[in-house]
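Please follow it with the model open.

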Amino acid sequence: MVAVPASEKDDLRRVLDDEGKPLPGARVPNIADATLTKIFDVMMLTRIMDDRMMRLQRQGRLGFYMKSIGEEASHFAVAPLRDADWIFPSYREQGAWFWRGYTIQQFIDQLFGNQDDPVKGRQMPVHHSAKWLHMVSISSPVGTQIPQAVGAAYAAKVMGKDDVSMVYFGEGTSSTGEFHVGMNFAGVWKAPCVFICRNNGWAISVPSSTQTAAKSFAAKAVGYGMPGIRVDGNDLLAVWQVASEAIARARAGDGPTLIEALTYRVQGHSSSDDPSVYRDPKEPEIWEKKDPLNRLRNYLKHRGMWTEAWETELWEKYNQEITDALAASDKKHAPAIETMFDDVYEEPAWNLREQRAYLLAQNRSKNPHHHG
Amino acid sequence: MPTMNIIEAVRNALQTQMRADARVVILGEDVGKFGGVFRATSGLYDEFGSDRVIDTPLAESGIIGTAIGMALYGLRPVPEIQFSDFIYPAFDQIVNELAKFRYRSGGQYPCPVVIRTPVGGGIRGGHYHSQSPEALFIHTPGLKVVAPSNPYDAKGLLLSCMRQNDPVLFMEPKRIYRASKGDVPEGEYTIEIGKASIVREGTQVTLLAWSGMVSIAEDAAKQAEQAGISVEVIDLRTLMPFDIDTLIASTQKTGRVVIVHEAPRTCGFGAELIAAIQERAMEYLEAPIMRVTGFDTPFPYSLEHEYLPNADRVLGAIRQTLEW
């Protein structure tokens, strides 16, 4: 069994139909025009960036990339957060980074691990970190961020702040011990934490049906004493609505919420993946009809807030900014060699100082992975 | 000056720092109302309350994972892992997360968490209450590893650990938690991380030990003295970063080194010390550096007395290195 199309699930929270029109009787969240406009803008940037970076990877100019096409609406569960709230991302929420103010140049500098990379070339592409945005460093082993988010939420609570933590992970990650442990601690502590399970149907080659025998991923919340909400993760308005409710609940001291955002990984897990080996090539077609960007576009049209000229302007603007950022990145060097030894500890001890001196005294080798 | 055992010294350090810094919180299994299975946090729940002395659900990866999040947000957590044998469910959180946060975030996210955990055998606890896993964590870039052997050092080092900004694994020698007693100042003092202590001066052989093995090394040195052999005993106190200067200076003086540790022999920390010493002081060495260690077996229950290094074996190694 593969992911079930959203419309077949009656417990699914939806606001928009697949065409982007409000469903009959749906409670439409009150989102300011400027906010909706900004969300569409950032969603466009996310889609354009993904497309450009994957092409760059295919040209052999970028080592690795992970696209989020088709899942972008789920990134905007962060939109109702305050700037002081914390986000513990997984690796497929590009929109959340841009929403918070991470720049195109920072994003690209990280992908190339150059001298201006915010993480100083320490991690492979898409492992961002931006403390100034309260966005926590991404880790590859899945689920580790879940108990960490709960710890941050607990800390806010005992320090008398009303900050909320939001943590992202995929449905595959719900199989890890870290998911169980994090959810359990959060329930016991009534931690102000919002869990976003991005159920995109596939964990690399393994379908969601292999991850659980439960009725849904949201159903797992019962075991941890918190509400579990299923939402159409391709419906921006519904995502905003359930996230707002969960954030308000957390901030009021009423504890955590698990949100399962039902969406679909339209393309491969990463640039290293080939979905044609393990899934029916017709399956993504079902989901392309539920494309979150298209639904938001149609909704904005319906509200009289979209014009073709605006979208064209965004398209051209972001393509140009990406081109400029790539050109700037091309002129940047790798981080200085001695920086390899920085930040292991606050101060390097004798062993690191000795190893640094040794490396600096060696003849320079040519980097076999240099792109550019 | 009051006399304290190691448990009391640890508790005193925690209390001192919690009074000085409201960001310090303790979390773990049974650390709250009960005060810990070894009583190290006894009384702290009453003084500081359940927000700062937290009885967690029973899951080590959750204890460390949430401690990391607390530290990222701005607290200074001091989690307790009840026995170091139970630390492995948290291994990923310690090795891939805690130890790497500062580095992988380009210095954005320091992660000042001090993990306290009892180590070592000799309490009839079998495999799951006796291990000495220091080598696994010394081999983890980003982590500091501290292993005191007496009450004075335990308090001074624990205070230092809680006042710096790197993650630390703080290993406490459980067999001598109560047996080791000494004068410990009530007030504040710190011992520098990364500095060994020469607990006994000597001229012919250098004995290197840490944690529960320091008292064994001292016993062996006393017996050696009666046989007319002058032994210098060094307590490493910090295992990462270890005090290379003190080790080399002593090696240069004695020319003979014996290392004592409880952990299994192969790839134990002794192997690294041998490598580091011979790289820097080969010309001073009069004999191969010897090791007296636990065996490459799981920690046994009925035969733990046979497993653990003792003064006789250490004395044997001392003689061997002199006769080589």
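Helix H5 (residues 145-158) of chain A packs against helix H3 (residues 60-73) of chain B at an angle of about 55°, the axes lying 6 Å apart. Axes are lines fitted to C-alpha atoms, for helices over the stretch in contact, and angles run from 0 to 180 degrees between N-to-C directions. Helices (H or I, at least four residues) and strands (E, at least two) are DSSP runs numbered from the N terminus. The angle makes H5(A) oblique to H3(B); angles under 35 degrees count as roughly parallel, over 145 as roughly antiparallel, 65 to 115 as roughly perpendicular and the rest as oblique.

This is a predicted model: local features need pLDDT of at least 70, side-chain atom pairs count only at pLDDT 80 or more, and totals for chains, interfaces and linings use all residues. Residues are numbered from 1 along each chain as its sequence is written, while chains are lettered from A and ligands numbered from 1 in the order in which they are written.

Between the chains, 37 residues of chain B are in contact with 39 residues of chain A (C-beta atoms, placed from the backbone, within 7 Å). H3(B) gives the most to the side of chain B that touches chain A, with 10 residues.

Chain B also holds an open sheet of five strands in the order E9-E11-E10-E13-E14, with mixed pairing; two strands pair if DSSP finds at least two bridges between them. Strands E9 (197-200) and E14 (290-294) of chain B are at the edges, each with a single partner strand, so one side of each lacks a neighbour in the sheet. Strand E13 (residues 257-264) of chain B pairs with E14(B) in the parallel sense over five bridges.

Key. Two residues are in contact if their C-beta atoms, placed from the backbone, lie within 7 Å.
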